[in-house]
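Visitor: Please show the sequence and the structure side by side. Some questions will follow.

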Amino acid sequence: MNIPNILTLLRIVAIPFLFLFYYLPFPGHHIVTAVVFAVAAITDWLDGYLARHWHQSSPFGAFLDPVADKLLVAVALVIIVAEHPMSLLAIPAAIIISREIVISALREWMAELGKRASIAVSFIGKIKTSVQMISLVILLAIDPHKPINWFGILGYVCLFVAAALTLWSMCMYLRVAWPEFHFKK
């Protein structure tokens, strides 16, 4: 167990607190939820940086890091879709969650073929993650039952942009893996 792995585990531990803080009726509970999510999202960057910088990468960390990320994002999306009155939010949420499942399965499959490195995280994937995290922080921070303001609009726009980038990055990963698909009967 090392500090990068502990940070990853803390991201998973933060998940129940997202629900707890979001649904407890105290003043500022949306802001507290957004701060918990933002801190957890920052640990995603920090654990990777520390693992590389301190040469503490491990198979356990390589396995757990993407799991923690996907759980955190999926839970935030579920909260947002459940609480925000705009039913169209289910579309980007479904796209983002579906892509994460597909790419996780693709990475697992490519690893079995010994070609996991061929589908390493791309630059567009990093941009997608940044826009996605910004949108989720904003949408967790606003009260969905109050009139929408420019900040809320920014969160909605960022979520749809993140969904578009999600589809783009998924297509890039699938294109790289395409030669490995064998469609023989």
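**Loop and helices**

Visitor: Does histidine 55 count as buried or exposed?
Guide: Relative accessible area, computed with a 1.4 Å probe on protein chains only, is classed as buried under 20%, exposed over 50% and partly exposed in between. Histidine 55 has a relative accessibility of 72%, so it counts as exposed.

Visitor: What kind of model is this, and how are residues numbered?
Guide: This is a predicted model, in which local features need pLDDT of at least 70 and side-chain atom pairs count only at pLDDT 80 or more, while totals for chains, interfaces and linings use all residues. Side-chain values use heavy atoms, with hydrogens and water left out, and residues are numbered from 1 along each chain as its sequence is written.

Visitor: Where does histidine 55 lie, and what is its phi?
Guide: Helices are DSSP runs of H or I with at least four residues, strands are runs of E with at least two, and both are numbered from the N terminus. Histidine 55 sits in the loop between α2 and α3. Its phi is positive in a residue other than glycine, with a value near 55°.

Visitor: How far apart are the end C-alpha atoms of helix α3?
Guide: The expected span of a helix is 1.5 Å times one less than its number of residues. Helix α3 has 25 residues (59-83), so it should span 36 Å. The distance between its end C-alpha atoms agrees with this, at 37 Å.

Visitor: Which glycine just after α4 takes a positive phi?
Guide: The phi in question is about 80°. The residue is glycine 114.

Visitor: How are α5 and α6 oriented relative to each other?
Guide: Axes are lines fitted to C-alpha atoms, for helices over the stretch in contact, and angles run from 0 to 180 degrees between N-to-C directions. The axes of α5 and α6 are 8 Å apart, at an angle of about 150°. Angles under 35 degrees count as roughly parallel, over 145 as roughly antiparallel, 65 to 115 as roughly perpendicular and the rest as oblique. The pair α5 and α6 is therefore roughly antiparallel.

Visitor: What is the handedness of the crossing of α2 and α5?
Guide: The axes of α2 and α5 come within 7 Å and cross at roughly 160°, which makes these helices roughly antiparallel. A crossing is left-handed if the near helix is turned anticlockwise from the far one by less than a right angle, and right-handed if clockwise. The crossing of α2 and α5 is right-handed.

Visitor: How do the residues of the contact of α2 with α5 divide by class?
Guide: Residues of α2 including Ile31, Phe37 and Ala41 meet residues of α5 including Met133, Leu136 and Val137. Ala, Val, Leu, Ile, Met, Phe, Trp, Tyr, Cys and Pro count as nonpolar, Asp, Glu, Lys and Arg as charged, and the others, Gly among them, as polar. The division is 10 nonpolar, 2 polar and no charged.

Visitor: What is the orientation of α3 to α5?
Guide: The axes of α3 and α5 come within 10 Å and cross at roughly 40°. That angle makes α3 oblique to α5.

Visitor: Which residues does glutamine 132 touch, leaving out those up to four places away in sequence?
Guide: Glutamine 132 is in helix α5 and counts as buried, at 2% relative accessibility. It is among the α5 residues that meet α3. The residues touched are Val73, Ile96, Glu100, Ala162 and Thr166.

Definitions and conventions
Contact means heavy atoms within 4.5 Å.
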